[in-house]
Every structure is written in structure tokens, then in C-alpha cells.
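Let's walk through this model together, one region at a time. Have the viewer open as you read.

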Amino acid sequence: TAVKLADYQPYSHVLDRVALTFRLLPQATRVQARLHLAPNPVRGSGLDLRLDGENLVLIALAVDGQRLEVQPDATGLTIPAHLLPDAPFVLETEVEIAPAGNTALEGLYMSGGMYCTQCEAEGFRKITFYPDRPDVMARFHVRIESDMPVLLSNGNPVAAGPGWAEWDDPWPKPAYLFALVAGDLVAHSDRFTTQSGRDVALNIWVRKGDEGFCAYAMDSLIRSMRWDETAYGREYDLDVFNIVAVDDFNMGAMENKGLNIFNSKYVLASPETATDEDFARIEAIIAHEYFHNWTGNRITCRDWFQLCLKEGLTVFRDQQFSGDMRSHAVKRIEDVLMLRGRQFREDGGPLAHPVRPDAYVEINNFYTATIYEKGAEVIGMLKRLVGDAGYKAALDLYFDRHDGAAATIEDWLQVFEDATGRDLTQFKRWYTEAGTPQVSVRDDWADGVYTLTLAQTLPATPGQPHKGLKVIPVAVGLLNPNGDEVVPTTVLELTEAQQSFRFAGLAARPVPSILRGFSAPVVLDRAVSAAERAFLLAHDTDPFNKWEAGRALAKEVMAHMITDAAPVSRDWLAALARVALDEGLDPAFRALALRLPGEDDMAATLAAAGHVPDPAAVHAARQALADAVAAELAPALPGLIAGMATPGRFSPDAAQAGRRALRNAALALLTRRDGGAAARAAFAAADNMTDSLAALVALLEIGAGAPELAAFEARWQADRLVMDKWFMLQVLYAAPQDLAAVVRRLTARPDFDWKNPNRFRSVIGALSANHAGFHHADGVAYDLLADWLLRLDPKNPQTAARMSTAFETWPRYDADRQALIRRALHRILATPGLSRDLGEMAARMAAG
Ligand code: ARG
Ligand code: ZN
């Protein structure tokens, strides 16, 4: 049964304050709750009180001290109106729960011997009876009784003694932001003084032995706090800020007020154990969760349909932050790679949904690339349309107007309308309609006037056959034939089905650079000659489009290899080599230019062009392309590797990371020519995880690396996070025909702890990232995935459902593969006792 946006009603009561007492025991935790309630004047009086609650044993229930005998049902508790005063009252409950048996990792559960919580989206109802909805915001007071030495909750610590602690959170919040942690933890601590002078104690809590791996996360936190003050004028608002790292976590991290809980993968790092990408992700996720303090916590969502209100905005903010800390050009390219790889894929398949959906069965299934990444893109477009000053004015108004409240997308758009005077009626369709628009471009040159004609096409998506025209900001620049920019970046606003834009006063027909900075999440459709792409790759002043030109060329070359057995284009090789060796360019950019399109991306591109992709052919073409690049660059590779050395102490900063990325890209190419000699030496000599892993991957890519894998395992077997990488690599780089066997071997190991989401993801989640292996014609990998999803589902439905998205691309492939995947989906659907999570996903994909 679906929940619908159209059915929204405010809650029957208002909830002002909550006092919770936890007596923690693994099998029998007692939770006492005192809720200060009153009839909601907006709804009137005489209404029943409905509280959510799942898997709770009700011990006692009282209203204003009077015991009541009311039996809960499967999803909660209804107290009939006639048992309630028509005035403020206190509702008391006591329930019993068993955190040790909670394998779904939602609500209160145990991980590595500690108690922890995950309440977003609807986990609080597994802790106590409560109106578990984000528009009910209350002040929480929490008492924890436990023999664990460290007892944490939201807000500020107010009192503690042996075996107990009390916390008080002065800021009203919805239940999904509640958190509790109890464990034998140690802190890596620091302090921060806010711009108005508040002294904040910062702690990152980890298990003993991990305290030496927190420095980068702490540094990232301090930089995030400073950045939000400078960039958005947002200051921290409590005396303490705690972060806890836990090993068993379904997602990346959670922004609970004053007590962020993190997957340990996104906290713990050292040069020896974490790659440059890991450091960058830690920085981004620490920032993301911290930024939620304002965009999510101080201003929250009215209901879960508004999830993008906090997630899109907070992703947008963390992207800005990472760009400021590192390189905006490189960050933008990486974000677009991810958007196309995950969100476009989602938007073009059976799981497509709007940035603001209007119905869901299980809200956990909507923590998607569309809500997060497309949600961020929509804000980027808004900022481009209203300008930096307009954006700032709108955000100031947003914080002013909605602080302390639960808001909607309508509220969000209203502040932009009020602050800038712009009508956003048409723009709003970006929130309500799914699908990736296609923008086709024609150009024309006559009498010294250059005309660009843009047209938009809006593909149908499940449940949305017809779309309204979008407002599409298309950033354009023009170059003259010498490569000089004659028209700097200008934003064209495409609002009609088709529109022409004229540029007069040009001496010669220009070369257009269209959709600079990827100014809108659309697919650009324009026939461009290879020569023109090579020209843009060489001359475009917009770094995103410079990269994009090379990317588009690489895809065209690869597509021709696959569909017409064309040889690798010499022109492309020469153009790529020029960029790779251009010392005037940022090494990180050069490394990105050398990264070939992935096989899934290529399959999507072929499908969009009307071909049925053959995964084996795509794999072969990519290998051939990599060999050709290696041959072209061969004479330069040793020099490139030597020239990109990073002497001195390891630093995860962007400059060093960029040099390592380029050096390791060169090493991977050299490995295709020297039989692996250089990579073996690099592996042996590596003193950091980035270089060690890069050398290992280079070897695995040529079917070598067995001794190095063994050495890696011997060295890192006690480190869970590093071993996750070891598991994953073998899945990602298995030869297509060997993939199923490799996965069977890995999953048979005693250290394949499949109940740990990180470990499960590193093997089963990686299956479909080995594109040619997953889509091997025998269909064995499809069945293997279905088997594991069905095994995980009863324990951890959320992660099972998420991993099932590997099947979402089935409509791209041939009839045999389609039938095999559909058979797997139907087998899942036919399984008795399937969770709502996996059931919804499988049904949507099968219907697709
Ligand atoms: N709000 C968290 C974040 O974006 C994500 C938590 C989602 N968890 C879940 N079970 N759906 O940082
Ligand atoms: Zn978030």
C-alpha cells in the first residue's frame, strides 16, 4: 500500500517535550517515554491519538498518571479520543526491545559490542511508541542507564554519574534525528570557536585502537564548520559536537542532532589504509552531515516526499565545499560522472521517479541518486538562473523564515520567488516530473550572425507519459577558429519546445561550447565532427567542456569499434596524448582525461543510440582502446611516472592526489606493455594505500596480480575496511567468465561476514559493477545476485533492496538477457515473506 503526498494532513496533536529513559540490555532494553501532548488546534479536538510502533513489547501505558489498557496492533497504538483530555496531557509508555537481535540496523541495534541507533527515516518507531513523522518536532531530554563507559545522545550533556548520563537537546527536532550511543569508546578530541564566540567541544568516538585514524575526519569537520560560517553565515548551535564511527551501518552516515553516526568507512583513515578517493569522500561526507545541522535539522522536511529539500540542498552544499577545498573543475567532472552513471541510469529505467516523488511504498527505497544528486543539480540550476546574489538573498530568507520548522518544496521555491521576483511555476516541474530531458542543437551562420537553435524533448517515465516543458539553463561560450574565446559564458534559458538564440558581430563562424559546466542535467544531442571535438578538447576555456569533448570523442571511437569494427581513431589518440602530456594542465584533470568511459556507461550510450549493447563486445572494445592508448603514449610513460613523483610526506591534499592519479594512470598503461614489471615494483615499494591499490589494480587488469593479492591479504587481514577493498577488487576485475566462481569462492570464506553491509556491498554490491561478468550470457551472475538478495532480505531488507538496483538496466539488453533478468525478478517477487523494501523494488523493476 502506497503512501501519497496528496493525503498529507498535519498531526492530530502537538508534541512539545519528550523525556526518554533507556535501561540498556542487549536482549531486554527498557524504554520509558513521557510525551507532553495537546490537541492540535489546526486539526481541532476530539481526535484519536495514533502512535507508530513496531516490534515493541508494551509494558505500561498511562495518560496523566492513569493506567490504560490499550493493545497495540502491528504498526502502532491508537488511543481513542474518549480516553484523552481535551487539553494538554502527559502520555507515558514503557516498552521492551531487543537491540542484540536487530539485524536490520534500523532503530536501536548493536554493532561491535556497542549500542547505536539509526532512525531516519522511520526507525524511531522501533524504539518507542511515537508520532514518527518529521513534522512533529519536540525538545528531547534523554537519560541512559548502562554499564557502558561512554553514554551519548543529542544536544548537551547535563548530568552524569556511574552507570548513567543525561542529555538535553534545546532544539526541537523530529524523531528521525534522535540518536543514542553506548559503548566502550575512546575519543579523538578538539575544539572549535564559532564566529560569535561559542566554544564547542568536538569528539570523534571510535573503538580502542582506532583513535589514530581520526585526524583527517576531525580536520574536515573543523574546515566544514568554518566554511558554513563564511559561505552561508551558519553557525553551530550546541556546546558539543559528537561523531561516532560504527562498523555496521546501512548507509554512509547520519546527521542526528549533535551526534552524527558514521559508517566507519567514512571516518577512519590513514595514508597506509585509505586512498586519495577515500580521503576526499571522508571530507565530503563529514561536511555533508555537518551541513545538515542547518539544512535538515534546524529546517527539516514536512514529510518524506520533501526529502530532496534537505538532501538535494545538502549535497549541493557539500559539492560547493569540496570544490572550494580542492578543484572546482575536477569536482564538477567527478560529480557529473557520478550523476550520469547513477542518476541518468535510474531516470531512464523502471525505477525513474521525480526529485519530489508523490507516492512510495517504502521510503527507504527513495534515498536515491535522483533525490540526492539530481536534487543538487536542480539547486545548481536555480542558482544559475537567479545569480549568486539572488541565491544568497533567497537562502538568507529561507533560514530566516523557516528556522525551527518543517518545510516543503513549495516553501523553498517561495523564498526564491520572494527574494528575486522570479516566477518559478515552470521551473517547479524539475521537482515533480521524472526523466532526463534531451536538448538537441542546430546551428547556423549567415550574414555574420550565428544562430543556435535549441529544442527539448522529454521522455516518458513510469506513470508519467506526458511532461511539461522545462526551464533549461544552457551555458554557452563561443570560440573563433583560432581557438580564442569570442563570446564568454552566457546562460541561454530554454523554456519553449524550441528556441533560437542569435549572436551578432562575429568575424567568422564560431565553434560553440555548449552546456558549459554541465549547466543542466540533460542529454545534449548534437552531431559534432571528430575534428570539432578535438578542437574543443584543445582549446575550450571551460574545463568541464574541455573534458567533455574528450569524453564524447572516446565514446564515439568506442561505439564505432563496437558497431562497425572500426579501428581506434588516430586523431583521437593524438588529441588525448596532447592533453595527457600538457604540463600546463592540472595533473588531476589529465588523469580524468585518460580515464576511459566505463562499460556500463558505454552500454547506456549504445542503447540510447538505438543499439542493443553486447556486454562482451563492449568489454573487448574497452580493452582494445586501453591497449591503443598505452601504445600511443608508450614512449612518454616512464617520464610521466617519474615526473609525477610526490616526494616528502604523504598528504591527501588535492595537489598531491592529482599527481598520484596521473602517475597511476600512466602506470596502468605501462602495465599493458611491460608485462607488469613496473607495477610489481610499484606495489612492493608503495608506502600508501593509493599507490598500493593502484599497482594492484593495474596488475589485475592484465590478468596478473595473484602474488600481490596474497601479499595484500597477509598484510591487511586484521583490518576490516582494508579487507573490504581486497574483496571488492577481485570482483571488479574478475574475467567475465570467471566472475561467478570468484564470487562463490569469496563468499565461502569465513571472513565473508555477509551481515555486515560493507562486506556484503564489497562483494555482492560489486557484482554488477563488473559489467561484462554480471551480464555474461549464461545468466549465472543474475541468479547468484538474486540468491544473495533473498538470503539477506529477512535480515536486512534495506540493504537487500538497495543492491537489487543492479537489475534496473534490463530493458537495454537483448531478449535472452531480458528474460533471464525478469526471471530472477519474478523469482524474488514470488518468495513468501518478502520485505516491503525488496518487494517494492522488484515489482517496480519487473513492471518497467
Ligand atoms: N540522512 C542521511 C544522509 O544523507 C542518510 C540516511 C538515510 N538512511 C536510511 N536508512 N534511509 O546523510
Ligand atoms: Zn544527507
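How many residues lie between β16 and β17 in their hairpin? There are five, and Gly197 in the turn has a positive phi of about 100°. This is a predicted model, in which local features need pLDDT of at least 70, side-chain atom pairs count only at pLDDT 80 or more, and totals for chains, interfaces and linings use all residues. Residues are numbered from 1 along each chain as its sequence is written, while chains are lettered from A and ligands numbered from 1 in the order in which they are written.

Thr193 sits opposite Asp199 of β17.

Now turn to helix α10, residues 570-580. Its buried residues are Trp572, Ala575, Leu576 and Ala580 (buried means 20 or more other C-beta atoms within 10 Å of the residue's own, exposed 12 or fewer, partly exposed in between, with C-beta atoms placed from the backbone). Seen down the axis of α10, these buried residues fall within an arc of 135°, so they line one face of the helix (the arc is that of the directions from the helix axis to the C-beta atoms). Arg570 and Ala574, on the other side of α10, are exposed.

Definitions and conventions. Helix = DSSP H or I, 4+ residues; strand = E, 2+ residues; numbered from the N terminus. Pairing = 2+ DSSP bridges.
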